[in-house]
Amino acid sequence: MDKLEDMASVYEFDPLTGNIPATKVEITVSCRNLLDRDTFSKSDPRETEVIDNTLNPDFVRKYILDYFFEEKQNLRFDFRLEKPLGGIPGKNCGTIILSAEELGNCRDSATMQFCANKLDKKDFFGKSDPFMVFYRSNEDGTFTICHKTEVVKNTLNPVWQPFTIPVRALCNGDYDRTIKVEVYDWDRDGSHDFIGEFTTSYRELARGQSQFNVYEVRCRPHRIYIVSFDLFLMQVTLLSFSVESESTFLDYIKGGNFWFAVQFSGNPSQSTSLHYMNPYQMNAYALALKAVGEIIQDYDSDKMFPALGFGAKLPPDGRVSHEFPLNGNIENPYCNGIEGILEAYHQSLKTVQLYGPTNFAPVVNHVARYAAAVQDGSQYFVLLIITDGVISDMSQTKEAIVNAAKLPMSIIIVGVGQAEFDAMVELDGDDIRISSRGKLAERDIVQFVPFRDYMDRTGNHVLSMARLAKDVLAEIPDQFISYMKSRGIKPNPAPPPYTPPGHTHHTQI
């Protein structure tokens, strides 16, 4: 399955959290009786994860969606196999089963490791290739798959690698909810042999390594005929267990450090230019600056933004610059709020000559130098680039982004105009992680947003600020947290509650 689309309209955007108010719902996908399109084996449903050789896949990967009770939300599931699923028009190609559960607010993640002893021998010429499958019990008595371990080849005494799983995926925050664990012998053809099962709960697992977490693995009664004498000695043991609270974007952020960069190319006196200075309405660049700027300014406490231009000839000598301050002040490129940026932008159009070429690397490296000086987690830098999509230094920009991916920094590229944005999509790196000189970027730090997708037919008004806000900020929290976690940086503890002078703060027990 390679696509799930949430067609819901967007409600009012909350600038504090970066989220649309809604209930979080987890959707689990299974299929039954898919058409067999492979000649010598079963079909292989793709992405989610790949499940080999089965017509009845239960996918471990979950989809978490915002659920709005008061509106209809259309979901589309596209399935792709090694060979086309179709064939005879009107023929039933199989059944998709969706199960949904509202998620709790538990933010803990548990890391655990298991081993097993004296598992049953299932392979004729060898031992067994065991793996475990974990299931979360549901309120209706059914079970939902939530984790699979790796396969350990040719052993009856496997030691599986430690794995980390969100507690809400394991039990949805209900510590006493039953967790069922099944043990299988892996077979290449997908007909994995059942070895046995046991049940536990999060509360029991949280006791850690002890006699309480040594489990007898039992066969189902209807399979008792395959049990050997040693089967009753089969055990799975919890080797280690730890839990850590997952930090969120709001746990870390204390005020963003946003930089603006505006591309200068074209002739602002021509009506076809995206920089055209129309006395009656904003041009495309100004409109994008205002709309996107008003979204991100809520993350900056003092609303003072450094703003750069690139691709213009500067007075008095006409030298070309790719990192000049919009306000003309090299010592202090900060502008007061979004209105200050717009004022500096309009003033620059009157004093500089739009020229080119369009080089991104200098402004990326400019902000990266500041980010490199503050890597303790106290600041995170976001560079917003407004561009028409033309780029002259693609290889240098890739190298700059790969280097910046090591730093506390993200880049938002907003494309204006009707040009093709293939280069911007490539820099975004959602499909293929960006690389330079054979070196892969440590993180995905670029988010590309085509501004035209949010405009009305006249190009003068934003259709939905909420939708634009959601997409502009979509990747920043994860990028931010990925940097902090990779560096082992924890959020600072919250300050104690404020107590007015002359009052004593009481805590009720």
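Strands here are DSSP runs of type E with at least two residues, numbered from the N terminus. The model is predicted.

Figure 1. The cut-off for buried is under 20%. Two polar approaches of the His-322 side chain are shown. One joins it to the side chain of Asn-359, a polar contact of 3.3 Å. The other reaches the backbone nitrogen of Gly-311 at 3.4 Å. Setting aside residues up to four places away in sequence, His-322 touches Gly-309, Phe-310 and Gly-311, along with Gly-356, Pro-357, Asn-359, Pro-362 and Val-363.

**Figure 2. Packing of helix H4 against helix H5.** H5 spans residues 337-351, and H4 spans residues 284-296. The axes of the two helices come within 10 Å and cross at roughly 160 degrees. That angle is over 145 degrees, so H4 is roughly antiparallel to H5. The crossing of H4 past H5 is right-handed. From H4, the residues that meet H5 are Tyr-285, Ala-286, Leu-289, Lys-290, Gly-293 and Glu-294. From H5, Ile-338, Glu-339, Ile-341, Leu-342, Tyr-345 and His-346 face them in the contact. By class, this contact of H4 with H5 holds seven nonpolar, two polar and three charged residues.

**Figure 3. Packing of helix H4 against helix H9.** H9 covers residues 465-472. Here the axes of H4 and H9 are 10 Å apart, at an angle of about 70 degrees. The range for roughly perpendicular is 65 to 115 degrees, and H4 and H9 are therefore roughly perpendicular to each other. H4 passes H9 in a right-handed crossing. H4 contributes Ala-291, Val-292, Glu-294, Ile-295 and Ile-296 to the contact. H9 contributes Met-465, Leu-468, Ala-469 and Val-472. The contact of H4 with H9 comprises eight nonpolar residues, one charged residue and no polar ones. Glu-294 of H4 takes part in this contact and also in the contact with H5.

**Figure 4. Helix H10 and the glycine after it.** H10 runs over residues 476-486. Its buried residues are Ile-476, Gln-479, Phe-480, Ile-481, Tyr-483 and Met-484. Gly-488 follows H10 and has a positive phi, near 70 degrees.

**Figure 5. Met-424 in helix H8.** H8 covers residues 422-428. Met-424 has 0% relative accessibility and so counts as buried. Beyond its neighbours within four places in sequence, Met-424 is in contact with Phe-360, Thr-387, Gly-389, Ile-391, Ile-413 and Phe-448. Val-449 lies 25 residues from Met-424 in sequence, and their C-alpha atoms are 8.9 Å apart.

**Figure 6. Arg-136 in strand S7.** S7 is formed by residues 130-137. Arg-136 counts as buried because its relative accessibility is 3%. A polar atom of the Arg-136 side chain lies 3.0 Å from the backbone oxygen of Ala-169.

**Figure 7. The whole chain, for context.** The chain has 509 residues, of which 47% count as buried. It contains ten helices and 25 strands. Among contacts with a separation of 6 or more, 73% are between residues 24 or more positions apart.

Technical notes: Residues are numbered from 1 along each chain as its sequence is written. This is a predicted model: local features need pLDDT of at least 70, side-chain atom pairs count only at pLDDT 80 or more; totals for chains, interfaces and linings use all residues. Side-chain values use heavy atoms; hydrogens and water are left out. Axes are lines fitted to C-alpha atoms, for helices over the stretch in contact, and angles run from 0 to 180 degrees between N-to-C directions. Helices (H or I, at least four residues) and strands (E, at least two) are DSSP runs, numbered from the N terminus. Angles under 35 degrees count as roughly parallel, over 145 as roughly antiparallel, 65 to 115 as roughly perpendicular and the rest as oblique. A crossing is left-handed if the near helix is turned anticlockwise from the far one by less than a right angle, and right-handed if clockwise. Contact means heavy atoms within 4.5 Å. Ala, Val, Leu, Ile, Met, Phe, Trp, Tyr, Cys and Pro count as nonpolar, Asp, Glu, Lys and Arg as charged, and the others, Gly among them, as polar. Buried means under 20% relative accessible area, exposed over 50%, partly exposed in between (1.4 Å probe, protein chains only). A polar contact is a pair of N or O atoms within 3.5 Å; within protein, one must be able to donate a hydrogen and the other to accept it, and residues adjacent in sequence count only if both atoms are side-chain atoms.
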